[in-house]
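Here's a quick tour of a protein model, written for someone who likes to know the cut-offs. Have a look at the sequence and fold first.

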Amino acid sequence: MSIKSIDNILLILISIIPISILAGSAVSLSNIIIFDFLFIYFFFLKKDFNWSNSLIIKLLLFLYIYLIFNSLISQQAELNLYRNLGFIRLIIFFIGINYLFNESKNFDNILKIWLIVILIVASDIFFEKIFGKNILGFSEGSNSPGSQRIVSFFKDEAIPGSFVYAISFILIGFFLEKIKNFKTKSLIIFFLFISILLLSVFVTGERSNSLKFSISLILFFILLKEISFLKKIVLFGSIFSIVFLVISNDSYLKSRSTETIFYLVDTYKDSFQNTNPAPGGNQYAELSRSGFEVFKKYPYFGVGNKNYRIESCKKDINKDYYCETHPHQIYFEFLSEHGLIGSILLLSIFLVIFFNAFKYTLVNRNYISLGCFVYLVVIFIPLLPSGAFFADYNLTLFFINLSIMYASNKDLNIFNYDK
């Protein structure tokens, strides 16, 4: 197989990444693994390994070694060792994205395909909200009678909001890179584009992702120097006015987005502190307390990556344990599964990676890189509920943004970057 043929196949595999995620974790994982093996073969043909000297590759390899170490000392190593060993696939994926973005003239076409996919998903979310089922007939109500959560193409998982949110800021940055001007007509289109994406996430009823999207958008506007302060206020105010009008006229969304949030805030402290919170207490606070209890028992390196579920279900050991797959908050997840030392290592690695990217993003005014940056940073906001960081779905979305943040910036791309 020729180098050109492999290059074309790699571009196709990247183009369908969002579609493979919609199809399910097995399809997404298979797509990335096929991409990785082809890319490894491709680079053995080219014999070009200068990228291995870049700082981020060294940091990611250090993270990989740490995760293997964490598996070996975890409570049940056999449960997570294969997962942590498989983390290498995302490092290879990162390298591949950087190469294709640097060498291919067709990466814009890939992002255009992603744009079409995300607009289809957003439209499907609105369709399901109006008609009760998505265009393929999926709805969470079929599994949970009375539920109004949106599943879209995810069939039985109410996570389309997290998917739209994860891809949106890459595309918002791409949109700005393409227009290269901020005249009224362009800003109106920009306003409509963001409004559709943000509103689609709110419509799903996913509170945390709706709030994270809003925070990311605020941060993006603050860091976007090319638009005047007055235009930012007008754009920002108009976008959130539309969202507010939609939410205020929908009892379910109003409950999810306002009344329930105030209730959760009011009950968080009480539910976290009390040993036996009253029925209807704050579930997220109980999960956080449970994660903290696991951390207290394993303070240095935690119970082991993905082992929280094993420890927390031992109710006979600690009555404050909440049996779940993870604590639903990134810091309590890190503390319970990686302990204080492991959490400091993880956060230090990400801090260096983000700070390094932020410097060059501001200097180059790279909008795609900026979009990825605000998405990645908001993941680490304290207290906001979150999915399991090291779950395949969330980790894939994280690495898509991390890869493109570096790949799209000429001073960060590992095939240009020699610092």
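## Ground rules

A crossing is called left-handed if the near helix is turned anticlockwise from the far one by less than a right angle, and right-handed if clockwise. Helices themselves are DSSP runs (H or I, at least four residues), numbered from the N terminus.

This is a predicted model, with local features needing pLDDT of at least 70 and side-chain atom pairs counting only at pLDDT 80 or more, while totals for chains, interfaces and linings use all residues. Residues are numbered from 1 along each chain as its sequence is written, and side-chain values use heavy atoms, leaving out hydrogens and water.

## Where α6 meets α17

Helix α6 (residues 88–103) packs against helix α17 (residues 392–407) at about 35°, their axes 9 Å apart. Those axes are lines fitted to C-alpha atoms, for helices over the stretch in contact, and angles run from 0 to 180 degrees between N-to-C directions. The crossing of α6 past α17 is right-handed.

Who's touching whom? On the α6 side, the residues include Arg 89, Phe 93, Phe 94 and Phe 101; their α17 counterparts include Asp 392, Phe 399, Ile 400 and Tyr 406. Contact here means heavy atoms within 4.5 Å.

## Salt bridges

There are six salt bridges in the structure, each a side-chain nitrogen of Lys or Arg within 4 Å of a carboxyl oxygen of Asp or Glu. One of them pairs Arg 89 with Asp 392, with 3.1 Å between the closest N and O atoms. That pair ties α6 to α17 across 303 residues. Arg 89 counts as buried because its relative accessibility is 11%, whereas Asp 392, at 28%, is partly exposed. The cut-offs are under 20% relative accessible area for buried, over 50% for exposed and partly exposed in between (1.4 Å probe, protein chains only).

Asp 108 and Lys 178 also form a salt bridge, at 2.6 Å from N to O. This one links helix α7 (residues 107–131) to helix α8 (residues 160–179), with the partners 70 residues apart.

Glu 293 bridges to Lys 296, at 3.1 Å between the closest N and O atoms. Both sit in helix α13 (residues 283–297), three residues apart, so about one helical turn separates them. Glu 293 is buried at 13% relative accessibility, while Lys 296 is partly exposed at 47%.

Notes:
Helices (H or I, at least four residues) and strands (E, at least two) are DSSP runs, numbered from the N terminus.
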